[in-house]
Amino acid sequence: MDRVEFTKEMRKDYTILVPNMLSNHFKLLIKVFANAGYNVELLKNEGRSVVECGLKYVHNDTCYPALLVIGQMIDALQSGKYDLHKVALIITQTGGGCRASNYIHLLRKALKKAGLEYIPVISLNLSGLEKNSGFSLTLGLIRRLIAAMAYGDLLMLLANQVRPYETNKGAADALVDKWADTLVAEFDNGKGFAKSVMRSYMERITADFAAVPLDRTRKCVKVGIVGEIYVKFSSLANNHLEEFLASEGCEVNVPGLMSFILFKVDNRMEDIKLYGGSKAKFAVCKALFDYLSGIEEIMIETVRAKSSFNPPTAYSHLRELIYGIEGYGCKMGEGWLLTAEMLELIEGGYGNIVCAQPFGCLPNHIVGKGMIRRLRELHPESNIVPIDYDPGATRVNQENRIKLMLSVAREKMVSDDTAGTQRAKKDDKEPALV
Amino acid sequence: MKIGLDVGSTTLKCVVLDDENKIVYKSYKRHFAQITESTVALLRTLITEVPGARDAVLSISGSAGMGMAEACDIGFVQEVYATRLAVKRLIPETDVVIELGGEDAKILYLDGTMEVRMNGSCAGGTGAFIDQMATLLAITPDDLNDLSHGCEKIYTIASRCGVFAKSDIQPLINQGAKKEDIAASIFYAVVNQTIAGLAQGRPIEGKVVYLGGPLTFMDGLRDAFDKSLGLTGICPDNSLYFVAMGAAFGADLGSEQATLVEAVERIAGYRTEGRYLSCPPLFNSQAEYDEFEARHAVDKVEYADPEKYSGSAYIGIDAGSTTVKVVAMSEDGDILCSLYRPNNGNPVPIIREFLLDFYAKYPSIKIAGSAVTGYGEEIVKNAFAVDGGIVETMAHFFAAKKFMPAVDFIIDIGGQDIKCFKIRNGAIDNIFLNEACSSGCGSFLQTFAGALGVDIAEFAKEGLFAKAPVDLGSRCTVFMNSSVKQAQKDGATVDNISAGLSISVVKNALYKVIRASGPDDLGEHVVVQGGTFLNNAVLRAFEKEIGRNVVRPNIAGLMGAYGAAIYAKDTSNGASTLLDADKLANFKHDVKVTTCGLCENHCRLTVNTFDGGRKFIGGNRCERPTARGGAVEYHDLYEYKLSLLGSYTAKPEKPRARIGLPMGLNMYEMLPFWHAFFTRLGFEVVTSPRSDRKLYLRGQQTIPSDTVCFPAKLLHGHIEALIDDGVDAIFYPCMTYNFNEKLGDNHYNCPVVAYYPEVIGANVPRLRGGVKFIQDYIGVHRPKDFAVKIYDILSKYFDGLDKKEVKAACDAAYAERDAFLMRVREKGEEFIKLARDKNMPIIVLSGRPYHVDPEINHGIDRLICECGAVVVTEDAVSHHVEKFKVHVLNQWTYHSRLYAAAKYIGDKPDMNLVQLVSFGCGVDAITTDEVRSILEGAGKIYTQIKIDEITNLGAVKIRLRSLFAACEAKEREARA
């Protein structure tokens, strides 16, 4: 079976279907592709038929994300909505040592099984794994994608901190929509990508969110979400975890995509440091890493300067946090970053953590479940619950376990409050002693 | 006054507490999935019977009560949290609580850092598991408990999930192990599951409290916990009601404060029908059903009247896992009489009775041949001097041909197994057996019917006309318990659950075992059989799912026995060796359990002795206890590799330090490299001892992820052993990359192999007690850089190393690795040549380097040798192949060898490949499909064997025998 290439001709009138992971991020990313001359469409189909499709066409022991992503694509193809001879698919390929790099091959196998092997599949990768004449990641395109992703991260970060406290329900989501639309319009005009412009947009976005009237007297349990990247972010995969937590009255903190991208770039440098390798390659990675860090810095500075919200944690700080706990060489899947994010959350007061993982996720045996014991030793106050997601895992089981974590969290919140009041009372007395 | 209600997976528990928190009323009832109705009935009783209860606040707990509480605005307390509230109040000095429920298992640590552990998606080690095991033994759970007191021996039963345990218990039953011992072993399996799966490294010490149904009702289970934990736990008064009491205590925590009267009203009005996912009904009308029945009525074997028959008859016996089937067949292929009965754990007396009866009733019929198939083949063959044995798959094929000569696909769903085979050109072309994880099948339906309080036949019938069958998906049926729980929560009725379960059994078979993507994957002429297909709901679901009508013989449950009878006829020489009436009258069967002392395995043997010196020994892992005469010489490259690895014992006279290497995962391949390296540098290399069960249990407490593969779990024991040995340092480096053998696009290790040292470092507390643990990241794929980097790394731990010296050691290391590979390849060549000279089949047993560990491969290599084949490894042939295009990202060194080996044997008629896959290996989800497609592309049969902790080789044997039978058939055909 030879690979079907996505050719220059196809670029003219083919629609490229993109699987969904993070709606707001992807809305912006899609726009960047569209402006670069690709006809792209973000898949929004959900529900049981997606899972059924995945089960039918993908090896059932494969990780759940592969099953869902591929299931979503085939379900869409079989929906009758598309001219099957004018449609292509796109999927990421990281080139890392976990199974995720094989998704594209599993997708091709699935297409073949479904009799759709003539549909071209584009590999979105930075490792030079597969090339297509009709699709190229130019530097300009990469730059724009990074910008879109950063905006997505910022919107997610701010909305999460506003949503549980907003006086007018829906204010945060309205702002997210407003800004996503504004940015999309700016992208159409080719604007919004330069660092200086990004800074000004980010400042305006932050200021907007900072102006939302909040009721700070509300007591919310602060919960962090980490995990395998797709299950962590995709509501399709995690049974709408964020919505569930919101309905339980929680403030949710989901560390964004930026650190993941930085992590992936850093890995290449780390490989060279650990095992030796080309200096030129190191320099290229370093340049990209520095560029990304620059944008990360803008985000952090902006949030810090223009609001009282918690800014994102700097990647460099994540590296510090993990030092002595896991090696920097631990890079497959989410690698040490997943553990570092748990440490970040604990440090930031989000010690109640849902670690979302696909059932049997290999890297998570190491960096997720494998590290919880260590984290508890270091931070006895942390309250981490690993939740497995797979086609058969039932929501009732997952929610039950999360509720337990929340019960413990609430109990702690009450006792902390009492301790806080007592401390406050003590403080009252102190001046008298002086 | 307050009321706590605990809605569990199988029971309702309720307490009413007065203002002093004293229990004034309590109740414990099974709800048979009628949750809403049972709850309302119970609460109404409270109103009438308990004065003052009507205005008391009600609070609900329990997983099945969550949805109800939410929908009705009644206070809800998470169940583990409820337990904690109750224990803190009633037994405040408690350190650890162990609570087992119908489908839940929990441990609460109350001292120090408060922690709670619950079972996840696995239902092993719970009340449901114990019920399932009792059903398997055809006794009640109470009997199980009583029996356990009389035990003498404990067998190892895989404890992770019910299915695994079943496949361990079944052979024990078949081999005649004492029920007392099995009963106690089941309890120990539950204990192991709890400790391994839940405690995950945190010791259970101090004051331990046992709660929940199984631990309340079964003192045998408590004993097992006490003994394993080395303490005496207490089972307090009201141990069944702690969750309910906790719910009551927590009543004032939430914002919802419904009184009993309000709550009853709301729950009575709570309707959930139709909220669960459903499938289309099986039958839309009676007419549809009638057509269906009429169509299937014609597929039948005739029954002849044995009274009127005289002449030869052939006996076929199918000693299955849960049932025994016997057929007496006439010369014309008619059935003279038959038997289908649960084997109650021992098929021997049932068969004896059948034969005696047959001889007595029909003296004019002469038995001219007999054959036996199934799990119990060996014991039955020895017990009754049966003429021949035949592997189950072939027996079914022979029978199916009778009904549909053009049959090209057979699917058999029995009590515990799904067997499917594809037939091409009259020979079995491909075999699918359910692997340990996706079995369940018929006996699952039965257990479930039991749990819902319905008879199995009745249960199946209920589903036929269900309007909206529950969509349970396709997944391991043990896990399905929780899907059903969810459906119940959403208001599914028994008929819809019944239909849903039938549909899911079918989906399981199609999508998990066969992994079909459409009807064409199966074939045009499909025969379905096995007891489970006697259930019309399952049959209908199957036809609907594949969109094709199939043939179900009227003897669907007897096909194995019928096929054996056909085989008996085909191979008959006119007379049978089967015991005659006189001999049967004096029939004697004794069972003795003993430990084999012939090698270090110390297998638990069950020795069955029959009159006249016939004997059957079960439980042995090798042929030593059964061998008569001299030992046979085997050609087994696994054994060779193992002994080769064992030869790395040289050490310097005055070592500068002792370095321990844990013999697991990639160390199985890296040992020659590291041994040469460290010995050259003047270190003494200490390897951890050979793996065994004891070693595994020694490390079990520190395993953090219960779903990681068994080879990784074993590593914890090796580390403990090295610490005990007192080595100065343990060297277990992280290795993202492996050697680049240029067979693939990259040369990674899998994530578990690459980073398991991180898990060890973070989870083995004893490593912090003085021994150096060297887990640095190293890359052997760049030899020049390696020499520099390893110097830096080792200098952190040892003084006085010299750069040049290290460089020389590196050279020695790479050279020794090459030499090791060369020796393996040369020996492989030698074995292959020898096999060809002697005309023996060659099996390339493919896996990973660590599959050489006998504790991991369970002696499968030897089993293949016993079948008369020569065993070589994948790395003994993979180097013959140049890099070629595969349809996956070929990026793992070990796995590249698999593809290469598969490619290599494609054009070698005397070679076949068997792939060993560790349960839980995510990477193999990718490799297995690719290896299969490479092999099938070359017209080869693909055989995969999944291995885990299990030590049962019965199913593996079927697999291997089927492979050899299919190969022989192919060969016969090629000759013809």
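The model is predicted; local features need pLDDT of at least 70, side-chain atom pairs count only at pLDDT 80 or more, and totals for chains, interfaces and linings use all residues. Residues are numbered from 1 along each chain as its sequence is written, and chains are lettered from A and ligands numbered from 1 in the order in which they are written.

Chain A is assigned domain 1 (9–135) and domain 2 (220–255 + 313–434); the bounds come from an automatic or database domain assignment. Their C-alpha centres lie 31 Å apart. Contact joins 17 residues of domain 1 to 18 residues of domain 2 in chain A (C-beta atoms, placed from the backbone, within 7 Å). On the domain 1 side, helix H3 (48–57) and helix H4 (64–77) of chain A each give two or more residues. Helices (H or I, at least four residues) and strands (E, at least two) are DSSP runs, numbered from the N terminus. H4(A) provides the largest share, 4 residues. This side of domain 1 divides into 12 nonpolar, 3 polar and 2 charged residues. Ala, Val, Leu, Ile, Met, Phe, Trp, Tyr, Cys and Pro count as nonpolar, Asp, Glu, Lys and Arg as charged, and the others, Gly among them, as polar.

Helix H5 (103–113) of chain A is mostly covered, with 9 of its 11 residues buried (20 or more other C-beta atoms within 10 Å of the residue's own, C-beta atoms being placed from the backbone). Among them are Tyr103(A), His105(A), Arg108(A) and Lys109(A). The buried residues of H5(A) pack against H3, H4, strand E3 (87–92) and strand E4 (121–124) of chain A, and against helix H33 (924–937) of chain B. Gly115(A) follows H5(A) and has a positive phi, near 70°.

Between the chains, 56 residues of chain A are in contact with 57 residues of chain B. Elements that each supply at least two residues on the chain A side include H3, H5 and helix H11 (258–275). Helix H17(A) gives the most, 8 residues. The chain A side holds 20 nonpolar, 19 polar and 17 charged residues.

Chain B contains an open, mixed sheet of 5 strands, ordered E12-E11-E10-E13-E14. Strands pair if DSSP finds at least two bridges between them. Strands E12 (335–342) and E14 (388–389) of chain B form the edges. Strand E13 (365–373) of chain B pairs with E14(B) in the parallel sense over 2 bridges. Ala371(B) has Gly388(B) in E14(B) as its bridge partner.

Technical notes. Contact = placed C-beta atoms within 7 Å. Buried ≥ 20, exposed ≤ 12 C-beta atoms within 10 Å, placed from the backbone.
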